[in-house]
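User: Please take me through the surface, the sheet and the aromatic rings of this protein.

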Amino acid sequence: MKIRVVQYQDNLLLTTVGDVWAYYYQLKPFQINVANAQDKRSFKESFIDVFERLQKYDDVDLKLNPANVDLAGRIQGTSPDWAKDIAEVAQYYMRQEEVNILESEI
């Protein structure tokens, strides 16, 4: 069986019968500031748009791949803002305990 391709981009193919084929497509990780209502709204709108476009296809498989977010490194980056008078408490909670808490929540 020969399938004609109408259009392609990266690893996505559009056939003459309207099928879209993707062998693997990965989005780059990105972060959204949850305190920024406009960023959250924009992300939700684009997310909804993607799923509305995909819903007409019968065979779509989506998978979330775990990503290393370097929690320890990010938390350590806040160390200049830690209180100097209780530095040892901040170090305990922010260096390891906070990482443990966040990882257990994720």
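This is a predicted model: local features need pLDDT of at least 70, side-chain atom pairs count only at pLDDT 80 or more; totals for chains, interfaces and linings use all residues.

User: In what order do the strands of the open sheet run?

Analyst: Strands are DSSP runs of E, at least two residues, numbered from the N terminus. Two strands pair if DSSP finds at least two bridges between them. The sheet has 3 strands and antiparallel pairing, in the order β1-β2-β3.

User: Which are the edge strands?

Analyst: An edge strand here pairs on one side only. That applies to β1 (5–9) and β3 (20–22).

User: Which residue in β3 does Leu 14 stand opposite?

Analyst: Strand β2 (residues 12–15) runs antiparallel to β3, joined by 3 bridges. Opposite Leu 14 stands Val 20.

User: Is Val 60 buried, partly exposed or exposed?

Analyst: Buried means under 20% relative accessible area, exposed over 50%, partly exposed in between (1.4 Å probe, protein chains only). Val 60 has 36% relative accessibility, so Val 60 is partly exposed.

User: What is the angle between the planes of Phe 47 and Phe 51?

Analyst: Rings of Phe, Tyr and Trp (its six-membered ring) pair if their centres lie within 6.5 Å; planes under 30 degrees apart are stacked, over 60 edge-to-face, the rest tilted. Phe 47 and Phe 51 are 4.7 Å apart, centre to centre. Their pair is tilted, at 55 degrees.

Key: Residues are numbered from 1 along each chain as its sequence is written. Side-chain values use heavy atoms; hydrogens and water are left out. Helices (H or I, at least four residues) and strands (E, at least two) are DSSP runs, numbered from the N terminus.
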